[in-house]
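Reader: I am new to this structure and would like a close look at a single part of it. Please take me through that part and what surrounds it.

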Amino acid sequence: MQIWYNSFVTMYGAMYSYGHGLYQSYDMLVAIARVTNMIKVFHAGYVEIPVPDIKRGRVNADFGQGFYLSDNYDFASLWVRERNRTDIIVNSYELDESGLNILRFDRDEKWFRYIFSNRRSMPDSYSDFDIIIGPIANDTIFDTMGIMTSGFLSDDEALKLLCVGPMYTQIVLKSRKAADKLRFLSAEILSKETIEKNKETAAANEADYLKLFAQTMESLGD
């Protein structure tokens, strides 16, 4: 009887240890999944924004109305235009993408048509998504003198020009559900030295872009 009892205790202990190990492993996997779904994002402007308003943005912005973010700190801080007597502030956040309906674009015809539909203030065809992620149309950050929207280009030509130059990604929160998944971390005021350095970098990037843009424009007539 004692032998049977000792065997039972040993077996139960082994089963408990195995089950407890699985439970701990499950907890670890859940924690890893949460970390995997978390990304750090940035929004640069002139005010601190601890709680974003997704309805404040322009309806005719490239991805429609929403709160626009970047996952690249350098890009976020680089393209904010300087204003007299106004600080440039980079807001940092943590975004939990889990449980959200996310649409991801590439530089392709679907992306192009969505951008131009929104620029014409047409109904937002993807308003049911919580987040839209995709490339920024470079004529948004570089001065192309309105060529893209002039009406003189075919869709194929406009798409080819929009694909010129570096590809930067924008992340747009489209729903209250997505905004609730955004956790404010900090707000940093850029120093005068950083702003001046950014202006020089932006000017050099724009010069390189416009040179490539002009070359692509010439090739359209070939």
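Author: Y168 is buried, at a relative accessible area of 17%; buried means under 20% relative accessible area, exposed over 50%, and partly exposed in between, with a 1.4 Å probe and protein chains only. This is a predicted model, in which local features need pLDDT of at least 70, side-chain atom pairs count only at pLDDT 80 or more, and totals for chains, interfaces and linings use all residues. Residues are numbered from 1 along each chain as its sequence is written, and side-chain values use heavy atoms, with hydrogens and water left out.

Y168 lies in the loop between helix 4 (155-162) and strand 6 (169-173). Helices (H or I, at least four residues) and strands (E, at least two) are DSSP runs, numbered from the N terminus. Although 33 residues separate Y168 from P135 in sequence, the two are 5.5 Å apart in space, C-alpha to C-alpha.

Strand 5 (residues 131-135) pairs with strand 6 in the antiparallel sense over five bridges; two strands pair if DSSP finds at least two bridges between them. Within this pairing, I171 of strand 6 has I133 opposite. Both strands belong to an open sheet of four strands, in the order 2-6-5-4 and with mixed pairing. Strand 2 (67-69) and strand 4 (102-104) are at the edges with a single partner strand each, so one side of each has no neighbour in the sheet.

Helix 3 (residues 109-119) packs against helix 4 at an angle of about 100°, with the axes 10 Å apart. Axes are lines fitted to C-alpha atoms, for helices over the stretch in contact, and angles run from 0 to 180 degrees between N-to-C directions. The two helices are therefore roughly perpendicular, a term for angles of 65 to 115 degrees, where under 35 counts as roughly parallel, over 145 as roughly antiparallel and the rest as oblique. Helix 3 contributes E109, W111, F112, R113 and F116 to the contact, and helix 4 contributes D155, A158, L159 and L162; contact means heavy atoms within 4.5 Å.

A further residue to look at is T216, in helix 6 (residues 192-220). T216 is buried as well, with a relative accessible area of 12%. Neighbours within four places in sequence aside, T216 is in contact with K160, L161 and V164.
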